[in-house]
Structure formats: C-alpha cells, structure tokens
Amino acid sequence: MNDKARRLTSPAARKYTLEDMAKRLAAGKIPRNKWALVLMGGGSRGLAHIGVLDVLQKNGLVPDIITGTSMGAIIGGLFAAGYSGDRLKAVAGDLSLNKYVEELKPSFIRKDPGAVFNYLMLVDSRNRLLRRMGLAKEDAFEAFLKGLVGNVRIESLPIAFACNAVDLVSGREITFVRGKLSRALRATMSLPVVIAPARTKGAWLVDGGVLNNAPVETARKLGAKAVVLVDVHRPLKKMPPGEIRNVFQLLQRVADIMRAHANERAAGMADFVLRIALDTEALNFSCIKKTIREGGIRAEANLEAIRKFVSG
C-alpha cells in the first residue's frame, strides 16, 4: 500500500490504527463502555437509516460510535457530522443539488429526487469517457458530498465514525477513520459499474459492501461494548432455473448469493439486530419518504428493547 493510501486508513483518535486499538482493547488499556450503531449499505433501502436515527435521537439514544457502508455510511457520516434526523429527511427528500453541483441546472432535477441520482450517474459516466482511468479528480458525487459536509475531517467529528471501501489494486478492505469525510463517503458509495471508483495515487476504491456490507468488527475495534446493526438487506429468494438465461444473469445471481450470505454472517456478529424489511431495488429512489418512515416505525417498535440493551 502506498503512503497516500496508508494515510487514508491510519490513525483514528489518539493516533492509533484500528489494529493498534484492537490490541489495546484486548489488553484492557481502552475501556469498552460505549455502544455503536452499524448502518448497512443497500442503496435506496439505506434511507431507512434516517428514520431509525431520527427516532433514536428524539428519544435520547445517540450512539457513541457509528460505522457504515455505502448509503449507510453516507447517512451515518452526515449524522456524525451534526445532521439531525429532520435535516437528514430534508436532504433525502429535496436533494436540491443545484446549490452544491455547479452543473446541475434543469428545474425537473430539483423536483425529482430520483432524477438527481440518475443525473449524477450520467455525469459520472460522461466523465469516465472524457478522462483516462486513474486520474484523481473531484467529480459530481464528491462535489455534492463536499457541499454537505465541507472540509470536515473524520477525526474531528463529535461522534466517532468509520466507513469502508475496497481497493481494486490491492484487493483489500480499506477503513477510513481519519481524513476528509467527503472523500471517505465518495469512496464507500462507489458502486461498481454504476459509479466510477474513487481514485487516489496507487488506489482505486469501490463500495465497501463488495467485501463487508456491515462493519461490525470495525465498531468493536473502535471500543464498542454493545453493537446494534440496522439490517436493510433483502433476503435471497429462490430463483427458478429458467430465469437465468444468459451469462450476465448468472453473474448477478452469483453476486446476490455471495452478498446475502455475507450479510447474514455480519448480522450474526452484532449484539442486537434491527431488521427492516424493504423489498425495493437498490437504485429505486421513488419511495424515499415511505422508506424513511418504515425505518422510523421499526425503530419505534423496538425502542424499549434498544434502550434496555444499550444501557445494560
């Protein structure tokens, strides 16, 4: 790993890497007296995290640590940076990106949240055609995220935060515990094929969900005594053989199976799992309010159990 990539993954607070902190926790040098909220990736389904955070915050249950992947990382990162549940709802519902992305002008984009995501994907795809791969340059996605959080650094957030990505060069999972929040969020949301990798010198970073869609272990390495996982993954359904008609559908099915089993393993590592059943495609952003509301409903229904769990 080159120096720049190493700086992305090194020192959390007090200048310790995640590995160093895990050793210190095992030696009893760091107390496990905190609880963590782990927010799973899932595209549009991840917006349910907003409803969960809104309910928790309004009931005095703010986590000491937040870790997340992809959409879970974006929602968790914004919350850790000071976005309230109500403000997160406004960002998800309105997404007035014209104030953050200079190119974004058409009025229909400002009225349709789904169109915003489609527009950003088109801008990113166009940029990939116009520049050679490997060029480190801020794109529409990162500009949007920087518009939301500015130049705030992860290590200065009021709530301890970490998110992950996967480096295509080394094949390793990269964990962000310091550095610019906007860059970390840009990396963790880089869904392969749909969104170009986040590029740094010597590293091409894609969605952390490729290897780990629920960073429970990271939360423990940051000192969490109790870990609550918000699970938004869609359970794998049986598929009739006739529906696999070409190599692309075959590869998609293989990826779905691998992802589903990885998500189930991650859920087994958490202490408390808040399961939110959403049968929505990851890139379907047409039901934002409904998705957020469902997250809030599930959090309300489990509120006392969560309170008892994290206070025990």
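## Where two helices meet

In α8, the residues F141, E142, L145, K146 and V149 meet L181, S182, R183, L185 and R186 of α9. Contact here means heavy atoms within 4.5 Å. By class, this contact of α8 with α9 has five nonpolar, one polar and four charged residues. Ala, Val, Leu, Ile, Met, Phe, Trp, Tyr, Cys and Pro count as nonpolar, Asp, Glu, Lys and Arg as charged, and the others, Gly among them, as polar.

The axes of α8 (residues 140-149) and α9 (residues 181-188) come within 9 Å and cross at roughly 140°.

## About the model

This is a predicted model, in which local features need pLDDT of at least 70 and side-chain atom pairs count only at pLDDT 80 or more, while totals for chains, interfaces and linings use all residues. Residues are numbered from 1 along each chain as its sequence is written, and side-chain values use heavy atoms, with hydrogens and water left out.

## A threonine in a loop

Now find T280, in the loop between β8 (272-275) and α12 (288-301). T280 counts as buried because its relative accessibility is 17%; buried means under 20% relative accessible area (1.4 Å probe, protein chains only). Leaving aside residues up to four places away in sequence, T280 touches S44, R45 and R234.

## The whole chain

The protein chain has 13 helices and eight strands, taken from DSSP runs (H or I, at least four residues, for helices; E, at least two, for strands). Of its 312 residues, 51% are buried.

Methods. Axes are lines fitted to C-alpha atoms, for helices over the stretch in contact, and angles run from 0 to 180 degrees between N-to-C directions. Buried means under 20% relative accessible area, exposed over 50%, partly exposed in between (1.4 Å probe, protein chains only).
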